[in-house]
Amino acid sequence: MTTEITAEPVHTTAMSIPVARLNHAVLYVRDATKAADFYGRVFGFEVVESAFGGRAVFMRAATGDNHHDLGLFSVGPDAPRPQRGSVGLYHLAWEVPTIDDLAAAASTLSDERALTGASDHGVSKSLYGADPDGNEFEIMWRVPREAWGEFENKGAVMPLDMDAELKRWGAPGAARA
């Protein structure tokens, strides 16, 4: 089953802001120190700074060149979980360099009981997860642009067949999860 998502491009006469990429994300969590432990284990993020007695933690991806890629701010143990379908951020998408990295991420997320889904979007292969506070995230691998084909100008949500994708895009002799 393929779900297609189509939308007309939005054109404005106002000057647009020349965004180069997402620089960092900041999340409200119940306990920034506990959340930092999760993001350190799962993503390999390193703590750059812990401030305000651990109520704010700034983290950098191991290969990152930002001051921080993720900020975590404590809001207390009684804070409600994000309500699915309410107005607000749905998820963050973290890109990995290879399909082999995506397969390894599937194993890591499964081990952490944080894997909530997987999809083939034609232009990308994606895993979905949630941190201990219910903040959702995506880990995705971008298909080479020349292979986007029919998905160049439309969205799709299809089942992800990781074994088939590893055979097609994986490195020869790469370890398989």
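In which sense do E2 and strand E5 (residues 70–74) pair, and over how many bridges?

Modeller: This is a predicted model, in which local features need pLDDT of at least 70 and side-chain atom pairs count only at pLDDT 80 or more, while totals for chains, interfaces and linings use all residues. Residues are numbered from 1 along each chain as its sequence is written, and side-chain values use heavy atoms, without hydrogens and water.

E2 and E5 pair in the parallel sense, over 5 bridges; strands are DSSP runs of E with at least two residues, helices of H or I with at least four, numbered from the N terminus, and pairing requires at least two DSSP bridges. Leu27 stands opposite Leu72 in E5.

Both strands belong to an open sheet of 4 strands, ordered E2-E5-E4-E3, with mixed pairing. Its edges are E2 (25–29) and E3 (46–51), each of which pairs on one side only. From one strand to the next the twist averages 20°, taken between N-to-C directions of lines fitted to C-alpha atoms, on a scale of 0 to 180 degrees.

E5 also supplies Leu70 and Leu72, which with Tyr39 touch the most other members of the 35-residue largest nonpolar core. Such a core is a set of buried Ala, Val, Leu, Ile, Met, Phe, Trp, Tyr and Cys residues joined through side-chain atoms within 4.5 Å, buried being under 20% relative accessible area with a 1.4 Å probe, protein chains only. Among the elements giving two or more residues to this core are E2, E4 (56–60), E5 and helix H1 (32–43); H1 gives the largest share, 7 residues.

Leaving aside residues up to four places away in sequence, Tyr39 touches Leu27, Leu70 and Leu72, among others including Met59 and Phe137; contact means heavy atoms within 4.5 Å.

Technical notes
Buried means under 20% relative accessible area, exposed over 50%, partly exposed in between (1.4 Å probe, protein chains only).
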